[in-house]
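Me: I am new to this structure. Please take one part of the inside, look at it closely, and then tell me how the rest of the chain is arranged around that part.

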Amino acid sequence: MKLNITPMPRDDLAAARGLSQQVAAPIPVAVPATTPASSVAGAGRATSENSYMEFEAKSARDGAWYDVGTFLSHRYLDKGDPEVLVRFAGFGPDEDEWLNVCRQVRQRSLPCEASECVAVLPGDLILCFQEGKDQALYFDAHVLDAQRRRHDVRGCRCRFLVRYDHDQSEEIVPLRKICRRPETDYRLLQLHAANDSAANDQKETSGDPSTANAQRVAASALETTQQQQHNSDVAMAVLASQANVSQPVKTL
């Protein structure tokens with residue numbers, strides 16, 4: 001889960017924004033934000049029938065990203081992309097917003113585990129937890145640099161220099177404040193595949209200890225047999241040479 005921070009109330013700016021009151025196309029039953037991946041058009045990758053996709057949405061009020069609790073309705077405007085009425089997770093109906101599907105709704109960012117720091121690279125788009133004086137929210141940011149450190153019992157100790165997209169401020173943050181984008185999953189798959197391949201190669205090289213011991217015993221026995229055969233051949237050659245030596249002729 002993302003950092004367990006109690007949602008802070010946001011000012012109701014709906015009137016000031018003056019949203020166009022278009023006729024909404026109601027959905028008979030509210031669609032939960034946890035939607036089967038097979039039902040999402042253009043998912044871009046194969047998913048199992050039991051897998052689900054979670055979403056996050058960017059609020060027009062503060063520019064921060066929040067987990068989507070429910071999609072309440074949708075509408076098609078005369079111009080532009082379709083919009084959805086979003087109920088943010090942990091918030092009530094007063095905080096519902098109409099948001100642009102293409103620009104303000106996306107697949108949920110993934111909190112990083114300690115072993116997943118290798119998947120966060122300079123240049124990556126991330127969702128980063130920014131703590132300010134009045135609020136602490138998740139904003140889009142880009143990784144500028146990564147300082148790799150040795151992990152210990154506390155977990156990952158790496159540090160990342162990030163620049164927030166909304167205010168261009170820079171900050172050095174630990175991994176626990178970073179949520180990576182799902183598009184980086186392939187890096188972890190490649191890493192796991194490489195680790196599995198290296199482990200298999202190491203296993204084949206070292207082999208089973210009992211098998212290796214048996215091979216050493218067999219090699220020793222073969223060497224002993226070959227040495228005995230060599231000694232026997234030498235003895236036979238000596239006897240043959242002695243038999244072929246001519247006896248000296250005795251003279252009267």
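Reply:

**A buried ring and its surroundings**

Phe 55 is buried, with 13% relative accessible area. The model is a predicted one, and the values below are computed from it. The ring of Phe 55 pairs with that of Phe 71 in an edge-to-face arrangement, with 5.6 Å centre to centre and 75° between the planes. Phe 55 belongs to strand 4 and Phe 71 to strand 5, so the pair ties together parts that are 16 residues apart in sequence. Phe 71 is buried too, at a relative accessible area of 12%. Its value falls under the 20% that sets the limit for a buried residue.

This pair is one of 5 aromatic pairs in the structure. Elsewhere, Tyr 66, Phe 88 and Phe 91 are linked by ring pairs into a cluster. The charged end of Arg 75 sits over the ring of Trp 98, 4.0 Å from its centre. In the other case, the charged end of Arg 106 sits over the ring of Trp 65, at 3.7 Å from the ring centre.

Next comes the nonpolar interior. In soluble globular proteins, nonpolar side chains tend to be buried together. The largest nonpolar core here has 31 residues, and the members that touch the most others are Val 86, Cys 128, Phe 160 and Val 162. At least two residues of this core come from each of strand 4 (55-58), strand 5 (65-75), strand 6 (83-88), strand 10 (125-131), strand 11 (136-147) and strand 12. Strand 11 gives the largest share, 5 residues. Leaving aside residues up to four places away in sequence, Val 162 touches Ile 126, Cys 128, Ala 141, His 142, Val 143, Leu 144, Ser 169, Glu 170, Glu 171 and Val 173. Another core, of 6 residues, lies apart from the largest one, and its members include Trp 65, Phe 129, Ala 136 and Cys 179.

The structure holds 0 disulfides. For Cys 179, the nearest cysteine sulfur is that of Cys 112, 6.7 Å away. Cys 179 is buried, with a relative accessible area of 2%, whereas Cys 102 is exposed at 55%.

Gln 168 is in the loop between strand 12 (159-164) and strand 13 (170-174). Its phi is near 60°, a positive value in a residue other than glycine. Tyr 186 is in helix 3, which covers residues 185-206, and counts as partly exposed at 44% relative accessibility. Between Tyr 186 and Ala 119 the C-alpha to C-alpha distance is 9.0 Å, although 67 residues separate them in sequence.

Last, the chain as a whole. Its secondary structure comes to 4 helices and 14 strands. The chain has 252 residues, of which 29% count as buried. Among contacts with a separation of 6 or more, 52% are between residues 24 or more positions apart.

How values were computed: Residues are numbered from 1 along each chain as its sequence is written. This is a predicted model: local features need pLDDT of at least 70, side-chain atom pairs count only at pLDDT 80 or more; totals for chains, interfaces and linings use all residues. Side-chain values use heavy atoms; hydrogens and water are left out. Buried means under 20% relative accessible area, exposed over 50%, partly exposed in between (1.4 Å probe, protein chains only). Contact means heavy atoms within 4.5 Å. A nonpolar core is a set of buried Ala, Val, Leu, Ile, Met, Phe, Trp, Tyr and Cys residues joined through side-chain atoms within 4.5 Å. Rings of Phe, Tyr and Trp (its six-membered ring) pair if their centres lie within 6.5 Å; planes under 30 degrees apart count as stacked, over 60 as edge-to-face and the rest as tilted. A charge sits over a ring if NZ of Lys or CZ of Arg is within 6 Å of the ring centre and within 35 degrees of the ring normal. A disulfide is a pair of cysteine sulfur atoms within 2.5 Å.
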